Amino acid sequence: MKFTLSWLKDHLETDATLEQICERLTAIGLEVENVDDKAAYKPFVIAKVLSAEKHPEADRLKVLSVDAGPDVNGGKPLQIVCGAPNARAGLVGALARPGDYVPGIDVTLSVGKIRGVESHGMMCSEKELNMSEDHNGIIDLPEDAPIGTSFATYAGLDDPMIEINLTPNRPDCTSIFGIARDLAASGLGTLKVPAAPALKLEGETSVGLSIDLDDEKLCPGFGLRLVRGVKNGPSPAWMQTRLKAIGLRPINALVDITNYMTFDQGRPMHVFDAAKVKGDLVVRRAEEGETVLALDTREYKLGPNNVVISDDNGVESIGGIMGGEHSGCDENTVDVLIESALWDPINIAKSGRTLGIITDARYRFERGVDPEYMVPGLDRTTQLVLELCGGTPAKEKIVGYKGYEAKTVDFPYSEVKRLTGLDISIDESRDILTRLGFTVEGSGERVSVKVPSWRPDVDGKADLVEEVMRIHGVDQIKPEPLEKLSAVNSRILTTLQIRTRTAKRALASRGMLEAVTWSFIPEDQAKLFGGGSPSLKLANPIAADMSDMRPSLLPGLLTAAQRNADKGFGDVAIFEVSGTYETDTPEGQRRVAGGIRRGTASINGTGRMWSNTAKGGGKPVDVYDAKADALAVIEACGLPMGNVQIEQGGPAWYHPGRCGTIKIGPKIILGTFGEFHPKTLDALDVSGALCGFEIYLDAMAEPKKKATRTKPGLDLSPFQMVKRDFAFVVGSEIEAGAIIKAAQTADRKLITGVNVFDVFAGASLGEDKKSVAIEVLIQPVDKTLTDEDFDALTKKIVANVEKTTGGILRA
């Protein structure tokens, strides 16, 4: 929001300086973003050309003798070389002297020679002073312009421009009058409230007006007035100067008046050339495919979500956003229709965004304009039209407006202290609210406050506290340091956050690199990995191939690995810890640690180095690499590994014979791992040796709370650990994990580990049979075990395995 100091003082009677005004604006929440004090124009003075002689060495140059007044060059004329075609004796213009900075050409002048003749400055054009694009000649002022005085003061260029960063919740300050009202309420002057226009109305507005909408909120009110016999032309210099100062281009008096009202009063207006309007004006929804050629000379395609003003010719204006070219006012306009309407802020915002139109009217309507100023704004605009263009106004037509019903807020004054910590008296709080335009009813500690029509942002008591606080002074709130704590009494991160960090560190320590992939994937990929639900489709995807929320991390990681392979980096080990989506509810989002390995990127090493090959690192990755990564995540998260079970088989995107499911207990699935199914890789257009895993971090139970955070001392057994080997013949369908679990449960106190070290299948064992050899680690705790103890333990191990798997001890 931009405005000039003189424009502000039209509404605010104050002796405050520019610096004081800017400080107060920021203090009351209207942050000053930029101030242009027009210092660049201060050096230029008004000077008169005494003589203009032809340059002796150049046909197009003239040597001027210039009088700049008694305070310049001791009153003696200056010699200036000038090439302007209108340079002549008697011309009065703007002079720049050596040392002055000329903004239009970005040059600081100095005494110089032009074709052998010294020049002590320059007579400036409007373009050289950034006043306009006119560079056809030097500025030509009236003969009575005071010689030797400031050109900036004479031309009104010394008026500082202030720009504030206006927050969306302050529509009342989209007007200069509203800003002045806030400053006056803060005690920085007195608000000038203009008298209501006294209009002599003749006749009726002959153009019919109606609102044809299924929702009255779309246009809560519409005012229209006909003014006959206007004479349109350029607006006066004072209005043009102000509009230019805030970056607007003057067009003609009628259009400039509407722009002036938009900034001066925060009341966007529109004018129709009455001769171009055919029939009655109707406010309605646009029809699908209907078009309008707008004032910016662009044609817009409309739909039922857009509210328009139409007549028998079709659409004449996009309501609250931009008028149409067809009914615009020009120099031939004689009769004018002035519009002052109210529009639904939400609809204006949506329409403007959909159509891609940004206007000053949209900026205000989508924030909310003062409904009670609809009719006074129409009268004030009519007054300006009469003053600048003449004419005879007719009686206005008002349709749809039902008046403003003030919101009432129950306000206990104690809320000010509670929410801000400021000790502000009841009298001061009441006075601040009254100065801001609120109506305070009642007395005592609790009152009813009626909200003025220009403050749609105020809804509750906290908003009233904010008003009191900002006018009293936010700087009055004394900063207080936080209470110093000797120690952190509880953990800051949640269990899931801790496990997320732990999982990332565990996988990184295994040589994997972290990747960040899109949460959106194509529909066919989502269906391939168990997703594709209609509830997980994006309403407005950023790309056609990012239509669904991902059900798994693996599609993104696989395609990322393939992109690396396409660029020559085939041995890739990457992971991601992020969210996946099973439903569109918060409960349906999961926290997953997933990763893949490609090529020869196993934990033992990457690539074809001789040392890696000797260690097995040169072989392609397989299911065991994925299994090791998955178990590493679970172990790092602190789950008891003795309770973890691995079952053969997994989701359909894995190879059916080379995948597994990790569980804890019979029902809780912690994750899956395996080599990928060839059909999955084909569907993703991915190739190579690939394995991967996913661990569901949110499926892990909360760890049991310990009595103390202090770690217990290391307790090492003084007795020698003993190993015993067993070989069991079992059915080929029996998993090795079942044998391991059966052996471990024989005696959890003595048996500290069970490992499979050999698997054999052959005709000697029988059809559908295999031999699984395990190594059992036995750690005595209380005493050295005797042969009898070992025999008893052996029998328990064999019995457990036979009972659980049906296997027999191999002879």
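Contact here means heavy atoms within 4.5 Å. In this predicted model, Arg550 touches Thr517, Trp518, Ser519, Ile521, Glu576, Ser578, Gly579, Thr580 and Tyr581, with residues up to four places away in sequence left out. Arg550 sits in the loop between strand S32 (548-549) and helix H15 (554-566). Its relative accessible area is 1%. Buried means under 20%, so Arg550 counts as buried. Two backbone oxygens lie by its side chain. That of Gly579 is 2.9 Å from a polar atom of the Arg550 side chain. That of Trp518 is 3.1 Å from a polar atom of the Arg550 side chain.

The overall model comes next. The mean pLDDT of the protein chain is 90. A value of 70 or more is reached by 96% of the residues. Over residues 613-617, however, the pLDDT is below 50. That stretch has 10 contacts in the model beyond near neighbours in sequence. The protein chain contains 20 helices and 42 strands. Its radius of gyration is 42 Å, whereas a compact globule of 811 residues would have one near 28 Å. Along the principal axes, the C-alpha atoms fill a box of roughly 125 × 80 × 65 Å. Of the 811 residues, 47% count as buried. The accessible surface comes to about 41,400 Å². Carbon and sulfur atoms hold 50% of that surface. Among contacts with a separation of 6 or more, 68% join residues 24 or more positions apart.

Thr174 is found between strand S13 (161-165) and helix H4 (176-185). Its relative accessibility is 3%, so Thr174 counts as buried. A polar atom of its side chain lies 2.7 Å from the backbone oxygen of Pro171. Beyond four places in sequence, Thr174 touches Met1, Leu166, Thr262, Phe263, Gly266, Tyr363, Arg364 and Arg367.

Glu441 belongs to strand S28 (residues 439-441). Its relative accessible area is 37%, so Glu441 is partly exposed. Arg430 is 11 residues from Glu441 along the chain. The C-alpha atoms of Arg430 and Glu441 are separated by 9.8 Å.

Helix H7 spans residues 345-355. Its buried residues are Asn347, Ile348, Ala349, Ser351, Gly352 and Leu355. Their cover includes strand S20 (299-301), strand S21 (307-311), strand S22 (314-318) and helix H8 (360-365). Just after H7, Gly356 takes a positive phi of about 75 degrees.

S21 and S22 also belong to an open sheet of five strands. The order is S15-S18-S21-S22-S23, and the pairing is mixed. The edge strands are S15 (209-212) and S23 (322-323), each of which pairs on one side only. S15 pairs with strand S18 (residues 281-285) in the parallel sense, over four bridges. Within this pairing, Ile211 stands opposite Val283 in S18.

Antiparallel pairing is found around strand S37. Strand S37 (residues 668-676) is mostly covered, with seven of its nine residues buried. S37 pairs with strand S36 (residues 654-664) over seven bridges in the antiparallel sense. Tyr654 stands opposite Phe676 in S37. The hairpin of S36 and S37 has three residues between the strands. In this hairpin, Gly665 takes a positive phi near 85 degrees. S37 also pairs with strand S38 (residues 690-696), again in the antiparallel sense, over five bridges. The bridge partner of Thr672 in S38 is Glu694. In a regular strand the side chains alternate between the two faces of the sheet.

Methods:
Residues numbered from 1 in each chain as written. Heavy atoms only, no water. pLDDT = per-residue confidence, 0-100. Helix = DSSP H or I, 4+ residues; strand = E, 2+ residues; numbered from the N terminus. Buried < 20%, exposed > 50% of the residue type's maximum accessible area, 1.4 Å probe, protein only. Polar contact = N/O pair within 3.5 Å; in protein donor to acceptor, adjacent residues only side chain to side chain. Pairing = 2+ DSSP bridges. Rg over C-alpha atoms; globule rule 2.2 N^0.38 Å. Areas by Shrake-Rupley, 256 points an atom, 1.4 Å probe, with all protein chains shown as cover.
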